[in-house]
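Hi there,

Here is the structure I promised to pass on, with my notes below it. Have a look first, and then read on for what turned up.

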Amino acid sequence: MDATPLAVLDLVGVAVFAATGALAASRRQLDPVGFAFLAALTGVGGGTVRDLLLGRTVFWIAQPTPVALCIAVAAAVFFTAHLVESRYRLLLWADAVGIAGYCVLGAARALEAAASPLAAILLGMVTATFGGILRDVLAGEPSVLMRKEIYVTATLAGAGLFVGLVEFGVPFWPAALAGAAACFLVRAGALHFGWTLPTYRSRPGRPV
Amino acid sequence: MDATPLAVLDLVGVAVFAATGALAASRRQLDPVGFAFLAALTGVGGGTVRDLLLGRTVFWIAQPTPVALCIAVAAAVFFTAHLVESRYRLLLWADAVGIAGYCVLGAARALEAAASPLAAILLGMVTATFGGILRDVLAGEPSVLMRKEIYVTATLAGAGLFVGLVEFGVPFWPAALAGAAACFLVRAGALHFGWTLPTYRSRPGRPV
Amino acid sequence: MDATPLAVLDLVGVAVFAATGALAASRRQLDPVGFAFLAALTGVGGGTVRDLLLGRTVFWIAQPTPVALCIAVAAAVFFTAHLVESRYRLLLWADAVGIAGYCVLGAARALEAAASPLAAILLGMVTATFGGILRDVLAGEPSVLMRKEIYVTATLAGAGLFVGLVEFGVPFWPAALAGAAACFLVRAGALHFGWTLPTYRSRPGRPV
């Protein structure tokens, strides 16, 4: 497993999540520094938690690229977000791309660090969702985890398929592409068709 | 201090907090994957923060048991929660068992890592409360810390008694049992009798 | 760069942020243990995140002083807060002192740990703001980051000026004083005059 393509994927995930952070900032009408800060926290948040949990050096400390990328993305969003018809819809689709990349990447880093397959899947899910959780908590929006349509399940599909394929001996890149595609397609179906899983319902007459 | 019984206690705490996470998921009518994810984050959350603060390897990375346990608990709650008269009341009592175990366990791990007694007590309190804080933030419920009846005080009683006894030379298990019992009894009294401490009140006529 | 004055500054930042946590506790009418716990989490929160991100030993684990200081501050606030005309205003000014110290301190620790200048600036900003974020999330108050008047920008000014001066060869203390003064003055202007930066505004007729 070569580290360099993973590092490039990291940057793609950072940029996409930074864009969702900047879009959240635009919805809260923050100033440019607020844009950059929320973009940076959202962009590096998931990967930071992953690195902390795995005992790795946090990926953006020693090199300036990830943070600089977040600032550039925040600036671009600050000046172009008004061109978009629905910024929240764009945020959700960008988030879908981000979780697809990060659920695989988080699981891959965990396997590298000799995590158990189950822990690798959970770590992929945490890496994929934590940036968005941080964004929603800081921006005071309802957590994306609580939305009715499928979200966490998409990261489970992606991380689970990737880890399963790697465990069965499939090489890294086909497994990674299959996992990311599975995550994105499940989430895209949820966004476009409103896919849901059966949810828990208390029986009638019972207090919730 | 033998590590194995501590590891078993860890699993009990994980299971009980996972149950509170799943109960919170049932109140938000999440789907099964949402159940499992919220159960897992709540179940391993407190111990994860403890391990990060102490510079230990995070306990659920290398072995699959804690995460698998959370998933099993989430599945059990998904299919049985409707049998319970008041799920929130059950959540609060399960939480009481969880904080009793974790306030001692967090303090014990901290003493193992040569933390100062005061830091060990705070770490026990953080370990006990952080899973619930994470659950409440993610589920969008008011934080359990802000409730009027005694909560944090129970974890202080448990962690403080345990650390105090250990400092005075009492062996590990009697000290641990006394600490956990103290925490549970204080919290049970708060839940059953509505125990409170005198709270801060601004003087009349003063703006809050 | 001598570690001892930095450690003293750490304690000043801890005390000031602990006071803001205790003031938030007074606004939520918590009991004395809730005061101490919220004061301790707010007081050590920013520095804890900084130490975790840098892979350093968390500063309050091995020595009892920071936690003891938080408890003392919480007790003092519990018995004197009613003397203050507006506790929220005092909280904001104490917070301004705290971020001024911590934005420099976080950046200094990061440079010590060979972080890139850009990462050091971001780390200074994270160290300065994270205690307040934790306080606001736990106390259920709207995040201070979302306020209209300048806040994050002040920490950027402080951390940026400090890192810039150090990079240009200015000795530590003049650079640190200049950075802390810049942060405090910018934030004080925002508090006193309501300074804001131009914020993002969607074009008229566009949905937000």
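Predicted model: local features only at pLDDT ≥ 70, side-chain atom pairs only at ≥ 80, totals over all residues.

**Annotated spans**

That stretch comes from the UniProt record, an unreviewed entry, which places the feature "transmembrane region" at residues 6-25, 32-49, 61-83, 90-111, 117-138, 150-170 and 176-197 of chain A. Another of these, residues 117-138 of chain A, is 100% helix and 0% strand, with 32 Å between its end C-alpha atoms.

UniProt, again in an unreviewed entry, also places "domain: Glycine transporter" at residues 8-81 and 92-165 of chain A. Residues 8-81 of chain A are 80% helix and 0% strand, with end C-alpha atoms 25 Å apart. For residues 92-165 of chain A, the figures are 78% helix and 0% strand, and the end C-alpha atoms lie 28 Å apart.

**How the chains are arranged**

Why do the copies meet through different surfaces? Only 6% of the interface residues of chain C are also interface residues in chain A, so chains C and A use different surfaces to meet. Chains A and B also meet through different surfaces, because only 6% of the interface residues of chain A are interface residues in chain B too.

**Cavities**

The structure holds nine cavities of 30 Å³ or more, and the largest cavity has a volume of about 1300 Å³. It is lined by 50 residues, of which Val49(A), Phe130(A), Phe130(B), Val49(C) and Phe130(C) are the closest to its centre. Helix 2 (32-54) and helix 5 (117-139) of chain A, of chain B and of chain C each supply at least two residues of this lining. By class, the lining of the largest cavity has 41 nonpolar, nine polar and no charged residues.

The second largest cavity holds about 160 Å³ of space. Among its 18 lining residues, Leu30(A), Gly34(A), Leu145(C), Arg147(C) and Val152(C) are the closest to the centre. Helix 2 of chain A and helix 6 (152-167) of chain C each supply at least two residues of that lining, and helix 2 of chain A gives the most, with four residues. What classes of residue make up the lining of the second largest cavity? There are ten nonpolar, four polar and four charged residues.

**Aromatic pairs**

Over all chains, the structure holds 18 aromatic pairs. One of them joins Phe17(B) and Tyr102(B): the pair is tilted, at 5.5 Å centre to centre with 35° between the planes. This pair links distant parts of the chain, with Phe17(B) in helix 1 (residues 3-27) of chain B and Tyr102(B) in helix 4 (residues 87-112) of chain B, 85 residues apart.

Best wishes

Notes. Residues numbered from 1 in each chain as written. Chains lettered and ligands numbered in written order. Heavy atoms only, no water. Contact = heavy atoms within 4.5 Å. UniProt positions renumbered as here; feature names shortened; annotations may be inferred. 1 Å grid on protein atoms, 1.4 Å probe; cavity = no way out; pocket = protein on both sides within 12 Å on 5 of 7 lines; lining within 4 Å. Points joined across faces, edges and corners; volume = space filled by probe spheres on them. Nonpolar A, V, L, I, M, F, W, Y, C, P; charged D, E, K, R; others polar. Phe/Tyr/Trp six-rings, centres within 6.5 Å; stacked < 30°, edge-to-face > 60°.
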